[in-house]
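Please keep the sequence and the structure in view while reading.

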Amino acid sequence: MADTEEQRLQPKKKGLTRRQKRSLSRGVQYAVFVAAVIAFAVSADWGRLQNQFAQAEIAERMFPDVITLALKNTVLYTVTGFAVGLALGMLIALMRLSSVGPYRWLAGLYIEIFRGLPALLIFIFIGVAVPLAFPGTEIVGGTYGKVALALGLVAAAYMAETIRAGIQAVPKGQMEAARSLGFSPARAMVSIIVPQAFRIILPPLTNELVLLFKDSSLVLFLGVTLEERELSKYGRDLASQTANSTPILVAGLCYLLITVPLGFVVRRMEAKAQEAVK
């Protein structure tokens, strides 16, 4: 009993509070990060990196063609592919929601196949298999049409599921209200449900646009002329001609000119959507 009384009278040792532990953990993480950055900065051979990736003379020779030709083509390929993917994705999403069984099965099969195949195989299929299967057949728009179709086929599988989720997220009462006002199911879907669904899915659709912008680099597998080159092909060609990687770095920076602002737009839209829910 005496020992128990003495233990009770002794002051308890105070440990770190939860907030102090979090602060300590955060401080350790920052320290590790700073140490890693310093180690990288000290160990890297900046002279060789600059010589291989940052030759100002080579970079200057890329302008204005890298913007007026390569970046323009990249944006054109992306926008047309996105338009094809959005139209096809909407159709597949509606088929997926259809009460007709074969429509649902076909839409589900399409989504599983094109989400499971690498985009590279789709480009090769469009560039090689289609001409072999249908001799003499020309896709409208030449290379631009082929790229739009290839990117659209890939994007549609993802967009269809996004659109379907957006449509299902609209309260069912909206359709019931439209039907009570005399709208047909098709007109209610087009006029009432789909516009609300697109407000919901706008952020993920914009994110899909960013992904397509990068996937446009696969156009080289279709075979392009000098005037049809996009950023990656343009940068690789100049890198081979100059035996230097500066053109690849410049092409990468041009990608960032588009993807970084789009990423910011996506985050802003997601934040507004969350505020609207609250």
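A243 counts as exposed, because its relative accessibility is 65% and the term applies over 50%. The model in which this residue is seen is a predicted one. A243 is placed in the loop between α11 (231-242) and α12 (246-277). Its backbone deserves attention as well: although A243 is not a glycine, it has a positive phi of about 55 degrees. Most residues other than glycine have a negative phi, and most peptide bonds are trans.

The bond that runs from F63 to P64 is cis, with omega near 5 degrees. P64 is found in the loop between α4 (56-61) and α5 (65-96).

Attention may now turn to the salt bridges, of which the structure holds five. One of them is formed by E161 and R96, whose closest N and O atoms are 3.6 Å apart. R96, at 28% relative accessibility, counts as partly exposed.

E161 has another partner in R164, and the side chains of these two residues meet in a salt bridge at 3.1 Å, N to O. Here both residues lie in helix α8, three residues apart, which is about one turn of the helix. R164 is buried, as is E161.

A further salt bridge joins the side chains of K233 and D237, at 3.4 Å from N to O. Both residues lie in helix α11, where they are four residues apart, about one turn of the helix. K233 is partly exposed, with a relative accessible area of 24%. Among the salt bridges, those that share partners join R96, E161 and R164 into one network.

Helix α8 spans residues 142-169 and also contains T143. Is T143 buried or exposed? T143 is buried, because its relative accessible area is 11%, where the term requires a value under 20%. Which residues does T143 touch, once its neighbours within four places in sequence are left aside? T143 is in contact with Y77, V219, G223, V224 and E228.

The surface also carries charge. R18, R19, K21, R22 and R26 form a positive surface patch. One of these residues, K21, is found in helix α2, which covers residues 18-43. K21 counts as exposed, because its relative accessibility is 51% and the term applies over 50%. R18, another member of the patch, also lies in helix α2. With a relative accessible area of 67%, R18 is exposed.

R18 and D65 are 47 residues apart along the chain, and their C-alpha atoms are separated by 57 Å.

Conventions. Residues are numbered from 1 along each chain as its sequence is written. This is a predicted model: local features need pLDDT of at least 70, side-chain atom pairs count only at pLDDT 80 or more; totals for chains, interfaces and linings use all residues. Side-chain values use heavy atoms; hydrogens and water are left out. Patches are made of residues with over 30% relative accessible area and no salt bridge: like charges are joined within 9 Å, nonpolar side chains (Val, Leu, Ile, Met, Phe, Trp, Tyr) within 5 Å. Accessible areas come from the Shrake-Rupley method with a 1.4 Å probe; for residues, only the protein chains shown count as cover. A salt bridge is a side-chain nitrogen of Lys or Arg within 4 Å of a carboxyl oxygen of Asp or Glu. Lys and Arg count as positive and Asp and Glu as negative; His and the chain ends are not counted. The place of a charge is taken as NZ of Lys, CZ of Arg, CG of Asp or CD of Glu. Helices (H or I, at least four residues) and strands (E, at least two) are DSSP runs, numbered from the N terminus. Buried means under 20% relative accessible area, exposed over 50%, partly exposed in between (1.4 Å probe, protein chains only). Contact means heavy atoms within 4.5 Å.
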